[in-house]
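User: Hi! I'd like to learn how to read a protein model, one feature at a time. Could you walk me through this one?

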Amino acid sequence: MVIALAAMFLQQMFASVGKVLPAVLAPLVIAELHADPAWVGVYYGISAAASLVAQMGCGSFIVRYGALRMSQVALVLLGGGMAAAAEGTLPGFAGSAIIGGGGAAVSTPTSSQLLYRVSPRRLAPLIFSIKQTAVPAGLLICGFLGPAIASALGWRGAVLATAAACVVFAAVLQPFRARFDDDRVPSRRFRLADFRTTIASVVKTPDLRGLSFACFAFNGVQSVFTAYFVTYLVTLGYELAAAGRVLWGWVGSFHLAPRLVMAGLALGMAASVALTGLFTAAWPIVAMGLVGAVLSATAMSWHGILLSETARLAPAGSAGAVTGGVLSFGQIGALLGPFAFSLLLRLTGGYGAGWILCTIPALWVGIDLLRQRASNESSKALTAKTAG
C-alpha cells in the first residue's frame with residue numbers, strides 16, 4: 001500500500017505540474033507572442049474537452065492493461081503535450097492542450113483503481129486524501145520553481161524540462177508493473193458503448209449524481225483559478241515570481257462526514273473566489289496571499305474526499321471507470337468555466353465578472369450539500385423516534 005501510494009502520489013504530482021505550469025508561464029508566453037490573455041481560457045477549455053473524452057473512455061484500457069501501465073501512458077502523453085507547447089505556435093499549443101490534457105486526465109482514474117484495490121476500506125478516505133495532496137504539491141512546485149526555471153532556461157526550456165521529467169518517471173515506474181497490474185484482464189476490449197456505460201453508471205445512482213454535480217462545480221472553479229490567477233496578479237502589477245508564490249495553498253485534515261467536508265469546501269471556495277474578484281493594485285500582497293491560500297486550499301483540495309466517496313460507491317472492480325465517469329462531469333465544468341471566463345474577459349475587459357460567475361456553482365453546491373445533510377439527519381431522527 002505504501003509503495004502504491006508513493007507511486008501514485010508522484011504521478012499525480014506530475015499531472016498537477018503539467019496542468020498548472022502553462023498558466024504560471026502564461027504571462028511570459030503572452031508577452032513574447034503578443035497574445036490576448038483570453039487565449040489562456042481557450043487553451044484550458046480545449047484541454048478540458050480532451051480530458052472529458054479521455055476520462056469517459058479510459059475504463060476499458062485500465063482493465064485491459066492495468067492501472068500502473070496506464071499511469072505510465074498518462075505520463076508519456078503529458079510529457080509529449082508539454083513538449084508540443086515549446087513550439088510556440090497555435091497548432092503547438094492546441095496539440096499540447098489535447099495530448100497533455102488527455103494524458104493528465106487519465107492519471108486520476110488509474111490511481112483510484114490501484115489505490116482502492118490495495119487500501120483497507122476504513123483508510124480509503126485518508127489514503128485518497130494523501131494521494132491528492134499531490135495536486136497542491138504540484139501547485140507549490142509550479143508557484144516557486146516555475147518562474148525560477150523559466151528565468152534560467154526561458155519558458156520553452158521550462159516546459160521541455162518538465163516533459164523530460166514526466167517521461168523519466170514513467171520509466172521509473174516500470175519495475176512495479178508486474179506487482180500492481182496482476183489484476184488486468186487482457187481480453188477486455190474497448191467499445192464505443194463504453195462511453196455510454198460509464199456515464200450511465202453515474203447518472204443512475206443518486207449519490208454518484210450528487211458527487212458528479214459537485215465535481216462539475218469544483219472543477220470549474222479549479223480550472224479558472226489555475227488558468228487565470230497568476231495572469232490576473234501580473235495585470236495588477238506583480239512580478240511573475242511574486243504572483244507564483246501567492247498561488248500556494250495547503251490541505252488540512254478533516255474528521256467530519258465527507259458530505260459536510262465538501263459543503264465546507266464549496267462555501268469556502270465561493271467566498272474566496274468572490275474576494276478574489278475584488279482585488280486591486282492597492283491590496284497588500286499578504287492579504288491577497290491569504291485569500292489565495294484559502295482559494296487554493298478549497299479549489300485544489302477537494303479531490304481526495306470526493307474520489308474516496310466515488311470509489312466507495314462504485315461496483316467492485318470498477319472504481320477506475322466510475323471515477324472516470326464522475327470526473328467527466330468535472331471536465332464539463334472545466335470546459336465551460338475557462339471558456340465563460342474568457343468570454344467575459346473579452347466582453348468586459350476586466351476579470352471581475354468572471355470571478356463573480358465562478359461563485360455561483362460553488363455556492364449552490366455548498367447550500368445543497370448542507371440541505372441534504374439536514375434532511376438526512378431529520379429522517380434519521382424521525383426513524384429513531386418511530387422505532388422507539
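This is a predicted model: local features need pLDDT of at least 70, side-chain atom pairs count only at pLDDT 80 or more; totals for chains, interfaces and linings use all residues.

User: What secondary structure does the chain have?

Analyst: Helices (H or I, at least four residues) and strands (E, at least two) are DSSP runs, numbered from the N terminus. This chain has 16 helices and zero strands.

User: How far apart are the end C-alpha atoms of helix α7?

Analyst: To judge a helix, compare its ends with the expected span, which is 1.5 Å times one less than its number of residues. Helix α7 (residues 134–172) has 39 residues, and a straight helix would reach 57 Å, but its end C-alpha atoms are only 18 Å apart.

User: Where does α7 bend?

Analyst: At Leu153, by about 115°. The bend is the angle between axes fitted to the seven residues ending there and the seven starting there.

User: Which residue has a positive phi although it is not a glycine?

Analyst: That's His34, with a phi of about 55°. You'll find His34 in the loop between α1 (2–33) and α2 (38–57). At a relative accessible area of 72%, His34 is exposed.

User: What is Ser16 in contact with, leaving aside its neighbours within four places in sequence?

Analyst: Contact means heavy atoms within 4.5 Å. Ser16 lies in helix α1 and is buried, at 7% relative accessibility. Beyond those neighbours, Ser16 meets Ala134, Val135, Gly138 and Leu139. For the chain as a whole, take the contacts with a separation of 6 or more: residues 24 or more positions apart account for 85% of them.

User: Which residues does Leu77 contact, apart from its neighbours within four places in sequence?

Analyst: Leu77 contacts Ile99, Gly100 and Gly103. Leu77 sits in helix α4 (residues 67–85) and is partly exposed, at 37%. Its C-alpha atom is 9.8 Å from that of Val106, which is 29 residues away along the chain.

User: How many aromatic pairs are there?

Analyst: Rings of Phe, Tyr and Trp (its six-membered ring) pair if their centres lie within 6.5 Å; planes under 30 degrees apart are stacked, over 60 edge-to-face, and the rest tilted. The count here is 15. One of them is Tyr228 with Phe341, stacked at 4.5 Å centre to centre with 25° between the planes. This pair links distant parts of the chain: Tyr228 is in helix α10 (residues 206–235) and Phe341 in helix α15 (residues 319–348), 113 residues apart. Tyr228 is buried at 0%, and Phe341 at 1%.

Another pair, Tyr232 and Trp355, is tilted, with 5.5 Å between centres and 50° between planes. Tyr232 lies in helix α10 and Trp355 in helix α16 (residues 352–387), so this pair ties together parts 123 residues apart in sequence. Both Tyr232 and Trp355 are buried. Ring pairs join Phe225, Tyr228, Phe229, Tyr232, Phe279, Trp283, Phe341, Tyr351 and Trp355 into a cluster.

User: Which residues have the most contacts inside the largest nonpolar core?

Analyst: In soluble globular proteins, nonpolar side chains tend to be buried together. A nonpolar core is a set of buried Ala, Val, Leu, Ile, Met, Phe, Trp, Tyr and Cys residues joined through side-chain atoms within 4.5 Å. The largest one here has 100 residues, and Phe218, Val221, Met269, Phe279, Leu306 and Trp355 have the most contacts inside it. Leaving aside neighbours within four places in sequence, Met269 contacts residues including Phe218, Val221, Leu295 and Trp302.

Key: Residues are numbered from 1 along each chain as its sequence is written. Side-chain values use heavy atoms; hydrogens and water are left out. Buried means under 20% relative accessible area, exposed over 50%, partly exposed in between (1.4 Å probe, protein chains only).
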